[in-house]
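Biologist: Hi! I'm new to this one, could you walk me through it?

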Amino acid sequence: MSSPKKATTEPHVIKEELIASGKWLTLEKTTYVDPSGSTRTWETAKRTTRVANIAADGVAIIALLKRTLHKDCVVMVRQFRPPMGCNTLEFPAGLIDDNETIETAALRELKEETGYKGEVVGVTPVTCLDPGLSNCTTQMVMVHINGDDLENINPTQQLEFVEVILLPLDEFQQKIEELLQKEKIVVDSKVYIYAMGMSQAFFKPRELPVLKQ
Ligand SMILES: Nc1nc(=O)[nH]c2c1ncn2[C@H]1C[C@H](O)[C@@H](COP(=O)(O)OP(=O)(O)O)O1
């Protein structure tokens with residue numbers, strides 16, 4: 001077995017060269033120095049739409065619908081995604097437009113895709129989506145929706161081909177598993193990780209009054 005190379009250098013990018021460009025994406029050759037000091041190249045996909053001075057390409061919205069006498073539900077969307085060639089289950093999401101803040105982009109996308117009007121309660125840092133492929137980034141925005149509010153009782157979407165699915169938060173992972181059993185659908189990894197986290201948060205088999213770490 002060969003021993004791993006020692007890290008001697010702070011890795012860094014030297015240059016980025018365009019290989020191909022389309023309306024929405026570019027493919028670049030990234031030349032960089034790796035931690036051992038060797039110069040190497042990487043194929044990188046980038047979006048063409050990133051707004052100047054905004055570090056994220058898009059937003060994904062974790063929207064909780066809160067209604068009297070109902071369980072809190074996560075507002076999800078099902079839609080056909082051409083790169084996947086099938087339907088996906090995702091949080092509502094979209095690209096940030098010019099002159100938008102993260103919060104306004106999130107509330108606009110939520111309204112367009114689901115019809116719901118919400119209130120921002122939290123924003124994550126900039127997070128990468130598939131860093132071995134692309135520099136594409138997102139910020140996740142936590143939103144609460146007052147489902148008892150008149151304008152949220154019969155929400156009207158602006159997107160014809162996006163289906164809204166409400167999943168109860170306390171059974172989130174189980175309900176996703178049921179959807180997967182029923183149809184060919186691929187779940188966004190942000191969604192599935194959130195579902196696993198929720199299951200762990202709700203699972204308290206032997207809660208004791210005083211627990212050590
Ligand atoms: N990679 C893409 N290829 C396309 O042909 N078109 C694309 C790409 N990415 C975005 N878009 C188009 C599709 C929509 O008309 C607009 C806005 O998309 P948005 O709703 O903001 O984001 P998604 O929900 O992630 O599609 O961009």
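Modeller: The largest pocket holds about 1400 Å³ of space. A pocket here is an open set of points on a 1 Å grid over the protein atoms alone, where a 1.4 Å probe fits, with protein on both sides within 12 Å along at least five of seven lines. This is a predicted model, where local features need pLDDT of at least 70, side-chain atom pairs count only at pLDDT 80 or more, and totals for chains, interfaces and linings use all residues. Residues are numbered from 1 along each chain as its sequence is written, and side-chain values use heavy atoms, leaving out hydrogens and water.

Biologist: Which residues surround the ligand?

Modeller: Trp24, Arg47, Arg81, Ala93, Gly94, Leu95, Glu109 and Glu113, each with a heavy atom within 4 Å.

Biologist: Which element gives the largest share of that shell?

Modeller: Strand 7, with 3 residues; strands are DSSP runs of E, at least two residues long.

Biologist: What about polar contacts?

Modeller: Those are pairs of N or O atoms within 3.5 Å. A ligand nitrogen is 3.2 Å from an N or O atom in the side chain of Trp24, and a ligand oxygen is 3.1 Å from one in the side chain of Arg81. A ligand oxygen is also 3.2 Å from a polar backbone atom of Ala93.

Notes. On a 1 Å grid over the protein atoms alone, a cavity is a set of points where a 1.4 Å probe fits but cannot get out, and a pocket is an open set with protein on both sides within 12 Å along at least five of seven lines; lining residues have an atom within 4 Å of a point. Grid points are joined across faces, edges and corners, and a volume is the space filled by probe spheres set on the points. A polar contact is a pair of N or O atoms within 3.5 Å; within protein, one must be able to donate a hydrogen and the other to accept it, and residues adjacent in sequence count only if both atoms are side-chain atoms. Helices (H or I, at least four residues) and strands (E, at least two) are DSSP runs, numbered from the N terminus.
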